Amino acid sequence: MATETTRKKHITLEELREHSSPSDLWISIHDKVYDLTHWIRDHPGGGIPLLNLAGQDATDPFTTLHPPSAWKHLDRFFIGYHLSDNQISDLSKDYQLLISDFTKLGLFEQKGHVILVTLCIIFALFSIAVFFVIGTTSLCAHVAAGILIGFIWTQSGWVAHDTGHATVMLTPWLNRITQLLCGNCLTGVSIGWWKRTHNAHHVACNSLDFDPDLQHIPIFAISSKFFNTLTSYFYERKMRYDTIAKTLISHQHWTFYPVMCFARLNLFAQSIVLLLWNKNVPNRFQEILGVMVFWVWYSYLVSFLPNYGERLLFVGACFVVTGIQHVLFCLSHFSTRVYVGQPQGNEWCKVQATGSLNIRCFPWMDWFYGGIQFQVEHHLFPRLPRCHLRRIAPLVRELCKKHKLQYPSIGFCEANRRTLATLKDIALQARNMEVSGARNLVWDALNTYG
């Protein structure tokens, strides 16, 4: 009996993998096994990250994505089992040591003044833009107002990004207000949609079938593996490579920048569709109200312009300027290592480092990139306020060097060149790739919220 009891308290990794479905979801953290089946719907980070890591050791992703306060909630999910054969890599051990060191130094709690300064600048620029539209009749002033609004969308997006990863304000309540203000109200992008998508991106970084940030069929493809019609486990649909996809992808290195100029439309559409869909969206009323506030003030501001020509120029300026932010998003991952398959928790550190690209810049340009110029550091330590990313970069570089991992860090122009080279390479392959099993894309689009 004693032997039987002891045996029941330990399970193997193979046995853990058997519990990887939405109706039976176990994960391991520091070799303790937790049953999260009934936590999927209520998980603040959404159910998708849990499903992506189901049946695995999730120590590294849990430690880096959750604040210390989350640990106290784990006990109620512990089911008494421990992993008996989990092998922790040297890379993971060193990674956990870095997390521990940063925690002891208080870096995760030291917010800095970046967010407060940025909010003040946003408020000042918004006031100037409104004055240019309402208080002047100059065409140049109206176009300048559009440029300022585009800049405000970009900087608000960085602030929303920061508040979505961690509590960067004094209190969680103030952090939530800042999320809604900078995400929903100022940019028209639902912070609920962003968190759902972005959390999935961080957990499944550069997985072609699990990472939504790489799934742009039929407009773009960054790997020839998309020619095999992969399944998106985020959007729950086939990413079909058909005649339309082939035509668009064959010219994607030419259409990349023009599409980026109006990529914000995609975020508007996805936000609205998700909020009106039957998916589980926390605080749905707040999210919808915030997006409505955006469309009211933005439409009202545009209505003050004297004619449709100036309105078109104003809106165009907004989109073109904020398109730079979308380019930056793509530079971070489009030319890096990608793979097909479910993300593996025991390879977390390696995948995050090799699937991200840093962009070198002077410290006085950090405001422009919003912290994502240190993409490797951000993916390894997503809760870390961006004011500390430059400080920890040498430590991350040493970690990568010690474990023979690439630490890509290049200039802005070189990052653009690599991205275009990747797009061109796939475009040329697409021109010679036969299309099979074509389907009606319009019908597929109408039956998905992605």
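Select helix α5, residues 90-104, and colour its buried residues (buried means under 20% relative accessible area, with a 1.4 Å probe and protein chains only): Leu91, Ser92, Asp94, Tyr95, Gln96, Leu98, Ile99 and Phe102. This is a predicted model, in which local features need pLDDT of at least 70, side-chain atom pairs count only at pLDDT 80 or more, and totals for chains, interfaces and linings use all residues. Residues are numbered from 1 along each chain as its sequence is written, and side-chain values use heavy atoms, leaving out hydrogens and water.

Helices (H or I, at least four residues) and strands (E, at least two) are DSSP runs, numbered from the N terminus. Helix α5 has 15 residues and reaches 21 Å from its first C-alpha to its last, close to the 21 Å expected; the expected span is 1.5 Å times one less than the number of residues.

Now show α4 (59-65), α15 (348-354), α17 (375-380) and α18 (389-402): the buried residues of α5 pack against them, where contact means heavy atoms within 4.5 Å.

Next, select strands β3 (residues 24-29) and β4 (residues 32-35), which pair in the antiparallel sense over four bridges; strands pair if DSSP finds at least two bridges between them. Isoleucine 27 stands opposite tyrosine 34 in β4. The two strands form a hairpin with two residues between them, and histidine 30 in the turn has a positive phi of about 50°.

Conventions. Buried means under 20% relative accessible area, exposed over 50%, partly exposed in between (1.4 Å probe, protein chains only).
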